[in-house]
Amino acid sequence: MRRLIIRLVLLGLTAGLLLGTIVGCFGGSEPEPEPTADIQATINAAVQAATPPDTPTPEPTNTPEPTVPPTPDIAATVAAALAAAQPPTAVPQATAVPAPDPTATPVPTDTPVPTPTPTPLPEQSSGPPCIIAGVVKFGSSVAPAGIPVFARSQTADIVVETVTNADGQYVLTITNFDMRFDIFVAGNDTDQDTPITSRGCRVIRNLTVG
């Protein structure tokens, strides 16, 4: 009886060991390691998503230079007015010499000495005129062409008239000397006077109205 109990105990231990071995071999496997996250790829994707797309920089355009209005050439205008005011010089015509008649030579007689004819003196208004010229402005703008400009004498009823050209310039040609004139633009007194006029005087008077 005692031997039977010992055999049963040994069989039980052997069966337990076999069962433990089988369970160890065919039981649960080791847990698979979790995949390592690609942190650098994640950072790169976040940076790319946060960065706005490249905006093309517009090419600079050339800024046009301001047009500078031409400066009126007052001296040239005065010279042209003076040339137009000068009377043309008459070219003396050659006098044809008649051929002598083939006649007998007369006896010479005493011929009285001719008396020279005095040359008349020029009139008071002859000679180069007095030129008054300048630019007319309405405020800060140059006057257009065709604006009337006239000078009226202060001591006599003498009026000299002209009009502005496309550059706002005017030229007054005065042949009355030793006089002073008031200058008007389109009927408005400019508070500008001429000097006492004389032969060949050249004066610039820029006029502003308004």
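Leu4 sits in helix α1 (residues 2–26). Helices here are DSSP runs of H or I with at least four residues, strands are runs of E with at least two, and both are numbered from the N terminus. The model is predicted: local features need pLDDT of at least 70, side-chain atom pairs count only at pLDDT 80 or more, and totals for chains, interfaces and linings use all residues. Residues are numbered from 1 along each chain as its sequence is written, and side-chain values use heavy atoms, with hydrogens and water left out.

The chain holds three helices and nine strands. From the N terminus on, the elements run α-α-α-β-β-β-β-β-β-β-β-β. Of the 210 residues, 20% are buried. Buried means under 20% relative accessible area, exposed means over 50%, and partly exposed lies in between (1.4 Å probe, protein chains only). The accessible surface of the chain is about 17000 Å². Carbon and sulfur atoms account for 61% of that surface. Areas come from the Shrake-Rupley method with a 1.4 Å probe; for residues, only the protein chains shown count as cover. Contacts are heavy atoms within 4.5 Å. Among contacts between residues at least 6 apart in sequence, 59% join residues at least 24 apart.

Leu4 is partly exposed, with a relative accessible area of 49%. Together with Leu8 and Leu11, Leu4 forms a nonpolar surface patch with about 320 Å² of accessible area. Nonpolar side chains (Val, Leu, Ile, Met, Phe, Trp, Tyr) are joined within 5 Å, and like charges within 9 Å.

Four strands form an open sheet in the order β4-β3-β6-β7, with antiparallel pairing. Strands β4 (159–163) and β7 are the edges, each pairing on one side only. The twist averages 25° from one strand to the next. Axes are lines fitted to C-alpha atoms, for helices over the stretch in contact, and angles run from 0 to 180 degrees between N-to-C directions. Two strands pair if DSSP finds at least two bridges between them. Strand β3 (residues 148–153) pairs with β4 over five bridges. Arg152 stands opposite Val159 in β4.

Strands β6 (residues 181–185) and β7 pair over four bridges. Val185 has Asn188 of β7 as its bridge partner. The two strands form a hairpin with two residues between them. Ala186 in the turn has a positive phi of about 50°.

Gln192 lies in β7 (residues 188–193). Gln192 is partly exposed, at 27% relative accessibility. Beyond residues up to four places away in sequence, Gln192 touches Phe181, Asp182, Ile183, Arg205, Asn206 and Leu207. Gln192 and Phe181 are eleven residues apart in sequence and 8.8 Å apart in space, C-alpha to C-alpha.

Terms used:
Patches are made of residues with over 30% relative accessible area and no salt bridge: like charges are joined within 9 Å, nonpolar side chains (Val, Leu, Ile, Met, Phe, Trp, Tyr) within 5 Å. A salt bridge is a side-chain nitrogen of Lys or Arg within 4 Å of a carboxyl oxygen of Asp or Glu.
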